[in-house]
Amino acid sequence: MEHIELFFKSIFVDNMVFAYFLGMCSYLAVSKKVSTAVGLGAAVIFVLAITVPLNWLLDQYLLQEGALTWLGPEYADYDLGFLSFIMFIATIATMVQLVEIIVEKFSPSLYNSLGIFLPLIAVNCAILGGSLFMQSREIETLGLALNYGIGSGIGWFLAIVAIAAIREKIRYSNVPAPLRGLGITFIITGLMAIGFMSFGGMLTGGEEEATEETSKDTVGMLTTTSTDVKNETSSLVIETTNDTDKN
């Protein structure tokens with residue numbers, strides 16, 4: 001259940017584009033054609049699926065305070081957290097270079113259409129954001145880190161493919177001159193972000209029900225306690241009255 005919740009949450013609720021507006025440069029520049037958007041989106045999924053688990057391993061066994069205890073007890077006090085950005089970016093750059101080699105080898109047309117934006121994945125803030133969110137949210141296992149990386153990549157993929165499909169259709173629409181190009185794209189992106197906000201309650205229904213049940217239990221306990229106090233007070237008053245009558 002935890003894997004399923006994290007997967008859907010990273011796609012819809014914590015979408016890299018519509019929730020945090022990360023990776024907007026590539027999102028806006030490479031979303032003119034669906035075919036190009038699909039290629040870049042697939043590359044982002046691949047890079048996030050590889051780099052987030054790798055950076056999780058680096059964080060757990062190298063960067064965190066006390067992470068070097070596996071080398072010996074004398075390294076228990078070492079904290080290499082200040083190297084997080086450097087190590088994460090180095091991992092991302094290595095994977096992006098691998099993706100670039102693969103795309104150039106097997107799909108030269110896609111490589112030419114992506115142009116400079118393929119190597120720029122290395123400095124795409126959505127890629128680095130995936131690793132930093134993984135670190136800040138203290139994801140517990142390697143499997144969850146892989147799940148989060150894939151889910152975040154799919155969320156970014158859906159965003160860029162959706163806006164590319166809309167921009168292909170809107171090209172034939174009568175858009176006011178001042179809004180043509182990036183203007184209408186920003187407006188559509190904002191509207192899509194508002195739509196994605198509706199997914200915020202998708203995975204919180206159970207929590208709300210549990211909160212309501214807890215509130216009801218608390219009210220019931222308070223009512224019972226209040227009734228017991230009233231009964232005890234009444235008993236004390238009656239006993240005091242009897243003692244007074246006897247005297």
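You are looking at a predicted model, in which local features need pLDDT of at least 70, side-chain atom pairs count only at pLDDT 80 or more, and totals for chains, interfaces and linings use all residues. Residues are numbered from 1 along each chain as its sequence is written, and side-chain values use heavy atoms, with hydrogens and water left out.

**Stop 1: the helix pair.** Select residues 125-136 for helix 6 and 142-170 for helix 7; they pack at an angle of about 145 degrees, with axes 10 Å apart. Helices here are DSSP runs (H or I, at least four residues), numbered from the N terminus. Axes are lines fitted to C-alpha atoms over the stretch in contact, and angles run from 0 to 180 degrees between N-to-C directions.

Now show side chains: Ala126, Gly130, Phe133 and Met134 in helix 6 meet Ala145, Tyr148 and Trp156 in helix 7. Contact means heavy atoms within 4.5 Å. These residues divide into six nonpolar, one polar and no charged, with Gly counted as polar.

**Stop 2: the record's spans.** UniProt, in an unreviewed entry, gives "transmembrane region" for several spans, including 110-133 and 145-166; such annotations may be inferred rather than shown by experiment. Select 110-133: the span is 58% helix and 0% strand, its end C-alpha atoms 30 Å apart. Then try 145-166, which is 100% helix and 0% strand, with 32 Å between end C-alpha atoms.

**Stop 3: Ser31.** Move to the loop between helix 2 (24-29) and helix 3 (34-63), where Ser31 lies. Is Ser31 buried or exposed? Ser31 counts as buried because its relative accessibility is 0% (buried means under 20%, with a 1.4 Å probe and protein chains only).

Which atoms does its side chain reach? A polar atom there lies 2.7 Å from the backbone oxygen of Tyr27, and the side chain reaches the backbone oxygen of Leu28 at 3.3 Å.

Finally, select Ala164: Ser31 and Ala164 are 133 residues apart in sequence, yet 4.4 Å apart in space, C-alpha to C-alpha.

How values were computed
Helix = DSSP H or I, 4+ residues; strand = E, 2+ residues; numbered from the N terminus. Buried < 20%, exposed > 50% of the residue type's maximum accessible area, 1.4 Å probe, protein only. Polar contact = N/O pair within 3.5 Å; in protein donor to acceptor, adjacent residues only side chain to side chain.
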